[in-house]
Amino acid sequence: MAVSLSPREVMEDAPVIPVIVLHEVAHAVPLARALVAGGIRMLEVTLRTPVALACIEAIARDVPDAVVGAGTVRSAADAQAAAMAGACFAVSPGYTHAVGKACHDLGLPLLPGVATGSEIMAAQEDGHLALKFFPALQAGGAAMLKAWQGPFGDVVFCPTGGVTPANAPELLALPNVACVGGSWLTPADAVARGDWAHITALAQQAAALPR
Ligand code: 3PG
């Protein structure tokens, strides 16, 4: 059952939103439990694999302390499928009015992806003030976020793409950054071998990042 959240609440729960790619449904629940045990409960499961929706469904059903969202939402149909699977929020790599409208109609909080001033303005026109900056490091990183503080002072960002434990503190220190996103908490090899203790340790480090 979806909980009611604002996009800002999704961003402010922890310093990092893990970007998760799952290839096996059997990994979903232990991975989610490992992240929650480390203090990270907003989980973005990307719609990039055939099992992604089943993974969202399993986490929503079996890990009540997690708040599972869908990433890589690129269409109204993706948003609909994510909501049906039990996703509590959506993250998109870019922004279209159609995705914004679908999420709004579904009551699904959306973190829309932006990388330019025009994209920020389009998202803002539809009422979005909590945005994902993607791909953050490739598109200008901290310098870009500082430049946006002037014209877009009412917007907060979740930079994602190229973020690491080493560069996260500089990003999290910026006043217009609410959290960061990244895949480093769920390394593919650790997930494949079921090394949940390692993932809990990575989550603990991420949860302790200052902001
Ligand atoms: C993504 O959506 O894949 C994110 O950009 C993750 O990027 P990262 O692997 O550089 O953290």
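Student: What do buried, exposed and partly exposed mean here?
Tutor: The cover comes from protein chains only, with a 1.4 Å probe. Over 50% relative accessible area is exposed, and in between is partly exposed. Under 20% is buried.

Student: What kind of model is this?
Tutor: Residues are numbered from 1 along each chain as its sequence is written, and side-chain values use heavy atoms, without hydrogens and water. Local features need pLDDT of at least 70, side-chain atom pairs count only at pLDDT 80 or more, totals for chains, interfaces and linings use all residues, and the model is predicted.

Student: Is Thr72 buried or exposed?
Tutor: Thr72 sits in the loop between β3 (67–71) and α4 (76–85); helices (H or I, at least four residues) and strands (E, at least two) are DSSP runs, numbered from the N terminus. Its relative accessibility is 13%, so Thr72 counts as buried.

Student: Which side chain makes a polar contact with the side chain of Thr72?
Tutor: A polar contact is a pair of N or O atoms within 3.5 Å; within protein, one must be able to donate a hydrogen and the other to accept it, and residues adjacent in sequence count only if both atoms are side-chain atoms. For Thr72 the distance is 2.9 Å, and the partner is Arg48.

Student: How far is a polar side-chain atom of Ser183 from an oxygen atom of the ligand?
Tutor: An N or O atom in the Arg48 side chain is 2.7 Å from a ligand oxygen. A polar backbone atom of Gly162 also lies 2.7 Å from a ligand oxygen. For the polar side-chain atom of Ser183, the distance is 2.5 Å.
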